[in-house]
Amino acid sequence: MISHPRYQLLIDKYGEPELSELKATTSKLKDRLIIVKLTDISNSKTVEKKLPRDITVLKLKILIQKLFHIDKSSQSLSYITDKYPDNEIDIDNEYRQLKFYDISNNDTILVRNV
């Protein structure tokens, strides 16, 4: 890039590029997956799953229904992070994506049958 003939002219006009502009983005599914632990509170069963960050809470509830045999209408979800294990955050909007709640790798999603 530096060897490009107009590079210096563009730098003079627009300034140095930021690191985020130079970072290569990928659209591969494996790069968008996060590993989360799904824990059924009633029987202490835990399953580790790779999920896309853009999955909706409703689709997650359907997956949980298949895994733990808890009807999606009677599920109550929350999550805890490794950084703040005492702070439990409710996941209450079925139409939001996981990335809205900032769920990241190794977080635990708690499932309650209400």
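The following dialogue examines a predicted protein model through questions and answers.

Mentor: In this predicted model, local features need pLDDT of at least 70, side-chain atom pairs count only at pLDDT 80 or more, and totals for chains, interfaces and linings use all residues. Residues are numbered from 1 along each chain as its sequence is written, and side-chain values use heavy atoms, with hydrogens and water left out.

Trainee: Which element of the protein has the highest mean pLDDT?

Mentor: pLDDT is the predictor's confidence in each residue, from 0 to 100. The protein averages 90. Among its elements, helix α2 (residues 19-22) has the lowest mean, 72. The highest mean, 97, belongs to helix α4 (residues 57-68).

Trainee: What pattern does the protein follow along the sequence?

Mentor: Helices (H or I, at least four residues) and strands (E, at least two) are DSSP runs, numbered from the N terminus. The protein has 4 helices and 5 strands. Read along the sequence, the pattern is α-α-α-β-β-α-β-β-β.

Trainee: What radius of gyration does the protein have?

Mentor: This radius is taken over C-alpha atoms, and the globule rule is 2.2 Å times the number of residues to the power 0.38. For 114 residues, a compact globule would have a value near 13 Å. The C-alpha trace spans about 65 × 30 × 20 Å along its principal axes. The radius of gyration of the protein is 20 Å.

Trainee: Is Ile-41 buried, partly exposed or exposed?

Mentor: Ile-41 lies in the loop between β1 (33-40) and β2 (45-52). Buried means under 20% relative accessible area, exposed over 50%, and partly exposed in between (1.4 Å probe, protein chains only). Because its relative accessibility is 37%, Ile-41 counts as partly exposed.

Trainee: Which residues does Ile-41 touch, not counting those up to four places away in sequence?

Mentor: A contact means heavy atoms within 4.5 Å. With residues up to four places away in sequence not counted, the residues touched by Ile-41 are Leu-110, Val-111 and Arg-112.

Trainee: What is the phi of Ser-44?

Mentor: Most residues other than glycine have a negative phi. Ser-44, found in the loop between β1 and β2, is not a glycine, yet its phi is positive. The value is about 60°.

Trainee: Where is His-69 located?

Mentor: His-69 is a residue other than glycine with a positive phi, near 60°. Because its relative accessibility is 69%, His-69 counts as exposed. Its place is in the loop between α4 and β3 (75-80).
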